[in-house]
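Subject: The structure you asked for

Hi,

Here is the structure, with the sequence alongside. Have a look at it first, and my notes follow below.

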Amino acid sequence: MVNKVTAPLDPAPQHWLTLERLERLDADFGNAVPLLLVSGSLHKTLDYWVRRELADELLASNYWPEDECKQQLDTLEQTWRRKHDPVKWGLSDQQLREKLLVSCVCGHWARKQWQQRLETLYLERKQQLDKASCSLLRVSDKRIALELYHRIRAREASFESLSLEYGEGGERFKGGLLKLQPLAQLPLGLPSLLNRMEVGELLMPQRLGKGFALVQLERFEPAPLNSATEEVLLAQELQTWMQQIVLCLRAHLTSS
């Protein structure tokens, strides 16, 4: 089972998936695996099972002080109860606390696990975390793209008006403007262009996907290594790690 994972993980599956943990998995899922498979719920249920295991592991390590844990849970419970009725969810007060604990503890587990790698992760992914806003006008004909470029440069028409009239992408309904967002969330091909541009710069028509695009950088914000960035990096690491662990658990349950 574990040998199917080829990507390096930390902690490695063979270390985290102990015999005791796998026995607990088998006991918890019992004969429900076929039903969960047919219903399409197995992956989601395994994801929650892993998170619950992480919660138990972290609390047993005393990494998260009990008073801080209680304070955060109290705040989460107050917020949750303002929006939901536990009775409608079929949750007792204790079950609600357990649910909220599982939902918030994974961030603390990730920090305990990968705190020492944050600076390296930041340097590796900084270009994905930097934010940018740009104007984008996409057309399928290169000659039209070049004509529109010169019209904008000569100030014969605005980027917004030409985008609405000629644009072929969904952004044309917003005058071509793409709001400020991480580079990784922008359409494929844009991040590498924006990283080389100056604010206000308008590029000659660029090949983008199956068509051609005019791109103007409106705003650029380099991502600092602060608490918000750290949370994003830790969440990414946790997601990557959990995806592989869940695949291992799924293989274990369905091959038994």
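A word on terms before anything else: helices (H or I, at least four residues) and strands (E, at least two) are DSSP runs, numbered from the N terminus. Residues are numbered from 1 along each chain as its sequence is written. Please keep in mind that this is a predicted model, where local features need pLDDT of at least 70, side-chain atom pairs count only at pLDDT 80 or more, and totals for chains, interfaces and linings use all residues, while side-chain values use heavy atoms, with hydrogens and water left out.

**Overall picture**

The protein has twelve helices and four strands. Its radius of gyration is 25 Å, well over the 18 Å that the globule rule gives for 256 residues, so the protein is more spread out than a compact globule. (That radius is taken over C-alpha atoms, and the globule rule is 2.2 Å times the number of residues to the power 0.38.) Along the principal axes, the C-alpha atoms fill a box of roughly 70 × 40 × 40 Å.

Of the 256 residues, 40% are buried; buried means under 20% relative accessible area, exposed over 50%, and partly exposed in between (1.4 Å probe, protein chains only). The accessible surface comes to about 15,300 Å², with 51% of it belonging to carbon and sulfur atoms. Those areas come from the Shrake-Rupley method with a 1.4 Å probe, and for residues only the protein chains shown count as cover. As for contacts (heavy atoms within 4.5 Å), take those with a separation of 6 or more: 72% of them are between residues 24 or more positions apart.

**The cores**

In soluble globular proteins, nonpolar side chains tend to be buried together. By a nonpolar core I mean a set of buried Ala, Val, Leu, Ile, Met, Phe, Trp, Tyr and Cys residues joined through side-chain atoms within 4.5 Å. The largest one here has 43 residues, and those with the most contacts inside it are Phe29, Val50, Leu238, Trp241 and Leu249. Elements that give two or more residues to this core include helix 2 (19-29), helix 4 (42-61), helix 7 (93-114) and helix 12. Leaving aside residues up to four places away in sequence, Phe29 touches Leu36, Leu42, Thr45, Leu46, Trp49 and Leu253. Another core, of 15 residues, lies apart from the largest one and has Leu186, Leu208, Ala213 and Leu217 among its members.

**Aromatic pairs**

A search of the whole structure turned up four aromatic pairs. Rings of Phe, Tyr and Trp (its six-membered ring) pair if their centres lie within 6.5 Å; planes under 30 degrees apart count as stacked, over 60 as edge-to-face and the rest as tilted. Trp16 and Trp241 make an edge-to-face pair, 5.2 Å centre to centre with 85 degrees between the planes. This pair links distant parts of the chain, with Trp16 in helix 1 (residues 13-16) and Trp241 in helix 12 (residues 227-255), 225 residues apart. Both Trp16 and Trp241 are buried. Trp80 and Trp89 are also edge-to-face, at 5.4 Å centre to centre and 70 degrees between the planes. Trp80 is buried at 11% relative accessible area, and Trp89 is partly exposed at 46%. Ring pairs also join Trp16, Trp109, Trp114 and Trp241 into a cluster.

Two arginines belong here as well. Arg21 lies over the face of Trp16, 3.9 Å from the ring centre, and the charged end of Arg207 sits over the ring of Phe212, 4.7 Å from its centre. The test is NZ of Lys or CZ of Arg within 6 Å of the ring centre and within 35 degrees of the ring normal.

**A few single residues**

Gly211 is in strand 4 (residues 211-221) and counts as buried, at 12% relative accessibility. Not counting residues up to four places away in sequence, Gly211 touches Val139, Ser140 and Gln206.

Glu237 is in helix 12. Is Glu237 buried or exposed? Buried, at 11% relative accessibility.

Most residues other than glycine have a negative phi. Asn62, in the loop between helix 4 and helix 5, has a positive phi near 65 degrees and is exposed at 65% relative accessibility.

Cheers
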